[in-house]
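I opened the notebook to look up how this chain is put together. The entries below follow the order in which I checked things.

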Amino acid sequence: MRRMLLLLLLLVQAVPAFSQSIRYSVAMPQPSSHVFRIEITIDHPGITPVELRLPVWNGLYQVRDFSQFVQNLQANVPVKRVDKDTWRFSVGSDDLLKVTYGVFANEWGAFSSELNESHAFFNSADLLMMWPAKRSLPVELTVRPPAGWQVSTSLAPAGSPLTYKAENYDHLVDCPVDVGKLDTFTFVVNDVPFSISVDGNHREYDRTELQTMIQQIVRTETGFMNDIPVGKYTFLFHFNDGDRGSSGGMEHRDSTAIHTVFRGGRSVRTVAGVAAHEFFHLWNVKRIRPMGLEPVDYFKENYTTALWFSEGVTSYYGDLLLRRGGLLSRQEYLNALSEEIQALQSRAARKTQSAAESSLLTWYDKYDYYRQPDQSISYYNKGLLIGLLLDLRIRDASDNKFSLDTVIRHLNENYARKERLFEDDYGIARAIAEATGLNLDREYQSYVHTTEELPYAEVLRAAGLELNGSRIREVPNPTPRQKRILESWLTGR
Ligand SMILES: [Zn+2]
C-alpha cells in the first residue's frame with residue numbers, strides 16, 4: 001500500500017514537470033512598419049524535430065499563402081525550411097523551443113490582418129504557426145499592444161493581463177483579435193452577454209443606432225432558433241469612409257468581424273444585412289455544418305458542395321429575419337428578393353454551373369476570369385433563392401404546417417447540438433424529409449444539382465405572389481390560403 005501510494009505521488013509530480021504547452025506572443029513595437037513581431041515558445045516539445053507550419057488559408061475559401069509575409073525568422077535551435085509553409089526545428093535534447101519572426105500585415109478588413117499607427121486586427125492563422133503534431137494541445141496568446149490601445153476578442157482571459165487561452169489551435173484561430181482605441185458596448189439577451197467593439201478611427205457613426213440595431217438582430221435570431229449556443233458573443237466592427245475597398249464579414253465560433261465602408265451620413269443601417277448574415281452563421285455553418293468542411297485542413301482546400309446552404313440559406317434567413325424583426329419593410333424585403341432573381345437570371349453561367357458545383361469551386365473565387373457572369377454563378381445568390389423556393393414548397397405541400405424554419409431548427413436540434421455533421425450532397429434533402437415527412441427529392445435535385453431554370457412563378461404562387469419581369473409583387477385577389485401562407489412566411493407566426 002505504501003509503495004503504491006509513493007508511486008502515485010511520483011506520477012502526480014511527474015505530470016507537470018513534462019507537460020507541454022505552446023505560448024504565442026504578438027507584439028507591435030513599430031506599428032508604422034505594418035510588421036507584427038511573433039514569438040512562439042514550446043516548453044518540453046518532447047519530440048524532434050518539431051515542424052511548425054503556417055496555414056495557406058483560413059476562414060475565406062481562398063488559398064492565400066500566409067507564409068509569403070514571414071520575415072527574419074530566428075530560433076534557439078537549428079532550423080530548416082522544408083517547403084513554403086513548413087519550418088523544421090532540431091530541438092535535440094533541449095526542453096525549450098523559442099522561435100521569433102515578423103509578419104507583414106497591411107490589409108484592411110475582416111478576412112485579413114492589419115497593423116498601422118491607429119489600429120491592429122489579426123486573424124491568428126495569418127500570423128501564428130501551427131504545430132500539427134500537437135493540434136489538440138491547449139494554447140496561450142499574449143497580446144502586446146502599443147500604450148493606450150485596448151484589446152477586443154472572444155478568447156477567454158488566462159490570468160495575466162492581455163493573456164488569453166484557447167482549447168487548441170483550431171479554437172485560437174477562430175477568435176480574431178482587434179486592437180486599438182476601440183468603442184465598446186455591451187448588452188445581455190437571455191443571460192448571455194454580447195459585446196460590440198468598433199474601430200471607428202476613420203469615421204463618425206451613430207452609436208445608439210448601432211447598438212439598438214444589433215440588439216434587435218440578436219433578439220430576433222436567437223428567438224427564431226430558440227437557442228443561444230455560446231456563453232458570450234463578440235461583434236468586432238471596422239468602419240471606414242470609403243477609401244479602402246468594399247464591405248464584408250467573417251463568422252467565427254463566438255464572434256464575428258465585420259468591415260464596412262460608408263458613403264456619407266452617420267447611419268449604420270447599411271450594416272444590418274451583413275450583421276444579420278454573420279450572426280445567423282452562429283448556427284448555420286459554425287454548428288449546422290457539412291462533412292466536407294471538417295476537419296479543417298489549413299494546408300490545402302476543404303471541398304464541399306453545401307455552401308449554397310451554409311452561405312445562401314444564411315443570407316436567406318439573414319434578410320427574412322430582418323423583415324420579421326421590423327428592420328426591413330415588407331416592400332423592401334420583396335424588392336431585395338427581386339434583385340436576387342434579377343442577379344441570377346442575368347448570369348449566363350446559370351445554364352452551365354449548378355449551385356453545388358459553384359460551392360465546390362469556391363476556391364476559384366479569387367480569380368477575375370472565373371468570376372465573370374458566363375463562367376460562374378454565386379452560391380450566395382442561387383442558394384438564397386433555393387432557400388426561398390424550398391421554404392414556399394414545404395409550406396405549400398404541408399398546408400403551411402411546416403416550413404424551412406422547421407428544417408433549420410431540426411438541423412440545429414438533431415445535428416448541431418448532437419455534434420453530427422450533415423452529408424454535403426443530399427444531407428439537407430434528408431433533413432427536410434426527417435423534419436416534415438415530405439419527399440421533395442425531385443425538386444431538391446433540380447434546384448441544387450442541375451442547371452434547370454428555377455420555377456419562381458410556380459412556387460411564388462403558393463404565397464399569392466407573382467413575377468412581373470423579375471419583380472415580385474402580390475397578386476390582386478389572393479385566396480385565403482395564399483394570404484395565410486404569405487403572412488406566416490413574412491411574420492414567422
Ligand atoms: Zn457567410
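**Domains.** Domain bounds here come from an automatic or database domain assignment. I find domain 1 (2-178), domain 2 (182-274) and domain 3 (283-491). The model is predicted, so I note its limits: local features need pLDDT of at least 70, side-chain atom pairs count only at pLDDT 80 or more, and totals for chains, interfaces and linings use all residues. Residues are numbered from 1 along each chain as its sequence is written.

**Overall form.** I looked up the radius of gyration, taken over C-alpha atoms; the globule rule is 2.2 Å times the number of residues to the power 0.38. For 493 residues, a compact globule would have a value near 23 Å, and the protein has 25 Å, which agrees. The C-alpha trace spans about 80 × 60 × 45 Å along its principal axes. I also listed the helices (DSSP H or I runs, at least four residues) and strands (E runs, at least two), numbered from the N terminus. The protein has 14 helices and 21 strands.

**Domain 1 against domain 2.** Their C-alpha centres lie 28 Å apart. I call two residues in contact if their C-beta atoms, placed from the backbone, lie within 7 Å. By that rule, 16 residues of domain 1 are in contact with 22 residues of domain 2. On the domain 1 side, strand 9 (119-122) and strand 11 (150-153) each supply at least two residues. Strand 11 gives the largest share, three residues.

**Cores.** Next I checked burial. A residue is buried if 20 or more other C-beta atoms lie within 10 Å of its own, exposed if 12 or fewer, and partly exposed in between, with C-beta atoms placed from the backbone. Buried residues make up 43% of the 493 residues. A nonpolar core is a set of buried Ala, Val, Leu, Ile, Met, Phe, Trp, Tyr and Cys residues joined through C-beta atoms within 7 Å. Which members of the largest core touch the most others? They are Ala275 and Trp308, out of 83 residues. Helix 9 (residues 379-397) gives the most to this core, with 10 residues. Domain 2 and domain 3 both give residues to the core, so it lies between them. A second, separate core of 47 residues includes Tyr101, Ala105, Cys175 and Tyr298.

**Helix 6.** Of its 18 residues, 18 are buried, so the helix is largely enclosed by the rest of the structure. Just after helix 6, Gly326 takes a positive phi of about 85 degrees.

**Tyr164.** I found Tyr164 in strand 13 (residues 163-166). Is it buried or exposed? Tyr164 counts as buried, because it has 22 C-beta neighbours inside 10 Å. Thr142 is 22 residues away from Tyr164 along the chain, yet their C-alpha atoms are separated by 6.3 Å.

A cis peptide bond joins Thr48 and Pro49, with omega about -5 degrees. The bond from Glu294 to Pro295 is cis too, with omega near -15 degrees. Asp191 has a positive phi of about 70 degrees although it is not a glycine. Asp191 sits in the loop between strand 15 (183-189) and strand 16 (192-199). This residue is exposed, with 7 other C-beta atoms within 10 Å.
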